[in-house]
Amino acid sequence: MPATLEFHLQPETNERYRLEVFEAGKTQSLAQSHFEYPLSIIMPFEMSRLHVDAKNPDARLQRLREYGHKLFQKLFTLEMQTLWQRHKRATDSLSLELISVFTFRLRSLVSG
């Protein structure tokens, strides 16, 4: 029977994130982790390295793999890998759904 694990990614601050894993359709969290990823510093640098270089597409592919590996390490802690493997053994088809949850704070403006 196919199964889906949902990875809910939510910012806590500008540089810190919470990851919670759920079985699709369930509300009980299976695992949770926190990690730091300073987007304001990392993203411009990483994105500039990923620009197309027509003269050397192999180097670009290597940079994409390196970037993907860094993200994998942030998301798939040992606990998350163990959870994934346990669910993979229990089903004939396991898929991952990454859900980014953004929290907006609304400020009420009162004129007086």
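Which residue does Glu20 form a salt bridge with, and how far apart are the closest N and O atoms? The partner is Arg18, and the closest N and O atoms of the two residues are 3.5 Å apart. A salt bridge here is a side-chain nitrogen of Lys or Arg within 4 Å of a carboxyl oxygen of Asp or Glu.

Before going on, a word about the model. It is predicted, so local features need pLDDT of at least 70 and side-chain atom pairs count only at pLDDT 80 or more, while totals for chains, interfaces and linings use all residues. Residues are numbered from 1 along each chain as its sequence is written, and side-chain values use heavy atoms, with hydrogens and water left out.

Let us stay with Arg18 for a moment. Arg18 also forms a salt bridge with Glu12, where the closest N and O atoms are 3.9 Å apart. Buried means under 20% relative accessible area, exposed means over 50%, and partly exposed lies in between (1.4 Å probe, protein chains only).

Arg18 has a further contact, this time with Gln10: a polar contact of 2.8 Å joins their side chains. A polar contact is a pair of N or O atoms within 3.5 Å; within protein, one must be able to donate a hydrogen and the other to accept it, and residues adjacent in sequence count only if both atoms are side-chain atoms. Gln10 lies in strand E1 (residues 2–11) and is buried, at 19% relative accessibility. Strands (E, at least two residues) and helices (H or I, at least four) are DSSP runs, numbered from the N terminus.

Searching the whole structure gives four salt bridges. One of them joins Lys26 and Glu23, with the closest N and O atoms 4.0 Å apart; Glu23 is partly exposed, with a relative accessible area of 29%.

Now to the aromatic rings. The whole structure holds four aromatic pairs. Rings of Phe, Tyr and Trp (its six-membered ring) pair if their centres lie within 6.5 Å; planes under 30 degrees apart count as stacked, over 60 as edge-to-face and the rest as tilted. Tyr17 and Phe35 make a stacked pair, 5.7 Å centre to centre with 25° between the planes. Because Tyr17 lies in strand E2 (residues 16–23) and Phe35 in strand E3 (residues 31–36), this pair ties together parts that are 18 residues apart in sequence. Both Tyr17 and Phe35 are buried.

Phe76 and Trp84 form an edge-to-face pair, with 6.1 Å between centres and 85° between the planes. Phe76 is buried at 14% relative accessible area, and Trp84 is buried at 17%.

Finally, look at helix H2 (residues 57–75). Its 19 residues reach 27 Å from the first C-alpha to the last, close to the 27 Å expected at 1.5 Å a residue; the expected span is 1.5 Å times one less than the number of residues. Arg63, Tyr67 and Leu75 are buried in H2. Seen down the axis, the buried residues of H2 fall within an arc of 115°, so they line one face of the helix; the arc is that of the directions from the helix axis to the C-beta atoms. On the other side of H2, Asp58 and Arg65 are exposed.
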